[in-house]
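Work through the exercises below with the model open. Try each task before you read its solution.

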Amino acid sequence: MVTRGEGVLLVLSSPSGAGKTTILERLLDQSSDLVKSVSVTTRKPRSGEINGKDYFFVTEERFHELCRTDQMLEYAKVFENFYGIPKDFIKQNLSIGVSVLLSIDWQGAFHLFKLMRKKVVSIFILPPSMEELRLRLQKRNTDTASEIECRLAEAQKEISKRNKYDYIIINDNIDKSVEEISSILKKEKLKRLKKKLS
């Protein structure tokens, strides 16, 4: 009988506008043993976002109740809103060989490194340049000029944490970035299978 290795907790972080969401969607479309972790958040849904698919949208009171009852793997406050990762979903998938893709900021990633470093594979996605990042944020048409400046300042802070990640990729081409991350995931899963069989 062929055994499956344990799933990988694949952490993707990047500044807002670096292309992480597009990469994430492509990765999920082309892999049958990779699922997206749906985070819980207190922020309001954006246009087109679906509760339970994009995020679990909850009140701040409910969010704190989930934290108090130990139902969150990790949580953080970002841009005045709380974000957290439900614990059971991650553990159940990893145990059956399904990898879980997490799109989180560096605070959440660093907390996960402390909690379960051996299960985490972390990738930081860089934009080709800060100027390109500014253009991408402007093209989205979701933020005011002052919000874009705030995001760019935050991006500098986030980028300064990149060397704590296992891998860094520069997203100057979506297809290439998706291919690189897919290769990393395959390599890391094989490493875990080898350990399981030895």
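**Exercise 1: a sheet and its strands**

β6 is mostly covered, with five of its six residues buried. Buried means under 20% relative accessible area, exposed over 50%, and partly exposed in between (1.4 Å probe, protein chains only). Helices (H or I, at least four residues) and strands (E, at least two) are DSSP runs, numbered from the N terminus.

Before you start, note that this is a predicted model: local features need pLDDT of at least 70, side-chain atom pairs count only at pLDDT 80 or more, and totals for chains, interfaces and linings use all residues. Residues are numbered from 1 along each chain as its sequence is written, and side-chain values use heavy atoms, with hydrogens and water left out.

Solution. 
1. Start with the strand order. Four strands form an open sheet, β4-β3-β6-β5, with mixed pairing. Two strands pair if DSSP finds at least two bridges between them.
2. Find the edges. They are β4 and β5, each of which pairs on one side only.
3. Take the β5 side. β5 and β6 run antiparallel and are joined by six bridges.
4. Check the turn. β5 and β6 form a hairpin with two residues between them, and Phe79 in the turn has a positive phi of about 50°.
5. Take the β3 side. Two bridges pair β3 with β6 in the antiparallel sense.

**Exercise 2: the largest pocket**

Task: describe the volume and the lining of the largest pocket.

Solution. 
1. On a 1 Å grid over the protein atoms alone, a pocket is an open set of points where a 1.4 Å probe fits, with protein on both sides within 12 Å along at least five of seven lines; lining residues have an atom within 4 Å of a point.
2. Read the volume. It is about 1500 Å³. Grid points are joined across faces, edges and corners, and the volume is the space filled by probe spheres set on the points.
3. Count the lining. There are 47 residues, of which Lys20, Thr21, Arg43, Arg46 and Tyr55 lie nearest the centre.
4. Assign elements. Those giving two or more residues to the lining are α1 (20-30), β5 (72-78), β6 (81-86), β7 (99-103), α5 (130-140) and α6 (145-159). α1 gives the largest share, seven residues.
5. Sort by type. The lining divides into 15 nonpolar, 14 polar and 18 charged residues. Ala, Val, Leu, Ile, Met, Phe, Trp, Tyr, Cys and Pro count as nonpolar, Asp, Glu, Lys and Arg as charged, and the others, Gly among them, as polar.

**Exercise 3: Arg43**

Task: decide whether Arg43 is buried or exposed, and list its contacts.

Solution. 
1. Locate Arg43. It lies in the loop between β3 (40-41) and β4 (56-57).
2. Apply the cut-off. Arg43 has a relative accessible area of 8%, so it is buried.
3. List the contacts (heavy atoms within 4.5 Å). Leaving aside neighbours within four places in sequence, Arg43 is in contact with Glu49, Tyr55, Phe57, Asn81 and Tyr83.
4. Look at the side chains. Those of Arg43 and Tyr83 make a polar contact (3.2 Å). A polar contact is a pair of N or O atoms within 3.5 Å; within protein, one must be able to donate a hydrogen and the other to accept it, and residues adjacent in sequence count only if both atoms are side-chain atoms.
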